[in-house]
Amino acid sequence: MTRLTLKRASAYVATLLMVLAGTTRIEAAQAKCLSECTPRLGIVSAFGAEADILLAQTHAPKQWNINGKQFTTGELRGNKVVIVLSGVSIVNAAMTTQLMLDHFRIGHLLLSGIAGGVNPANHVGDVVVWENSAEDVAR
C-alpha cells in the first residue's frame, strides 16, 4: 500500500465519496426529516482530522447542533452533503448515524474511520476498503 500525503489523501477521499455515492444506496424510507429535508450524501467520520479535510472543502456550510453533535450541511465537490464527527466505536457511529437519518434526508451514506490499526502494513493516510468487520462487544 502506498503512503499518501494529506493533500493526496483528501483528493482520494473526495473521489471515493463520489464513487460510493453512486453505488451504495440507503433503501430505508424516511417519512419525515426533523431538521432539513434536502436529499444529501451523509458522511459519518470517526476521526476529527478526516472530517476536517472534508469540512474545509465544503461550500456554504451550515451547522446544526443536535443532541450535542455538530452536523454540517453544505456542498462538497458538487454533492449536497451532511458531515458529522461520531467519535470512535461502532456504538458512537450507530447512534450518530441514527441521529443523521432522523434529522436529514439521506440518500447515500459513507462512514469513514481509521480501520482500528489491525494491519501493521497500513499507515496514516492510507485508503482502506474493508471486506469484513468485527466489534469486540465482550469488553
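Is T73 buried or exposed? I looked up its relative accessible area and found 4%, so T73 is buried. I take buried as under 20% relative accessible area, exposed as over 50% and partly exposed as in between, with a 1.4 Å probe and protein chains only.

**Basis of the entries.** I note that this is a predicted model, in which local features need pLDDT of at least 70, side-chain atom pairs count only at pLDDT 80 or more, and totals for chains, interfaces and linings use all residues. Residues are numbered from 1 along each chain as its sequence is written, and side-chain values use heavy atoms, with hydrogens and water left out.

**Confidence.** I checked pLDDT, the predictor's confidence in each residue from 0 to 100. The protein chain averages 77, and 67% of the residues score at least 70. Over residues 22-30 pLDDT stays under 50, and for this stretch the model has 13 contacts beyond four places in sequence. Contact here means heavy atoms within 4.5 Å.

**Surroundings of T73.** I placed T73 in strand β3, residues 69-76. Strands (E, at least two residues) and helices (H or I, at least four) are DSSP runs numbered from the N terminus. The side chain of T73 makes a polar contact of 3.1 Å with that of W64. Such a contact is a pair of N or O atoms within 3.5 Å; within protein, one must be able to donate a hydrogen and the other to accept it, and residues adjacent in sequence count only if both atoms are side-chain atoms. Beyond four places in sequence, the contacts of T73 include R40, T58, V82 and F104.

**Nonpolar cores.** I then listed the largest nonpolar core, which has 11 residues, among them W64, V82 and F104. A core is a set of buried Ala, Val, Leu, Ile, Met, Phe, Trp, Tyr and Cys residues joined through side-chain atoms within 4.5 Å. Elements β2, β4, α3 and β5 each supply at least two residues of this core, and the largest share, 3 residues, comes from β5. Another core, of 7 residues, lies apart from it and includes A51 and L54.

**Helix α2.** In α2, residues 48-56, I found A51, I53 and L54 buried. They cover an arc of only 155 degrees around the axis, so they lie on the same side of α2. The arc is that of the directions from the helix axis to the C-beta atoms.

**Disulfide.** I found 1 disulfide in the structure, defined as a pair of cysteine sulfur atoms within 2.5 Å. It joins C33 to C37, with S to S at 1.7 Å. The S-S torsion is about 140 degrees, so the disulfide is right-handed. C33 counts as buried at 11% relative accessibility, whereas C37 counts as partly exposed at 42%.
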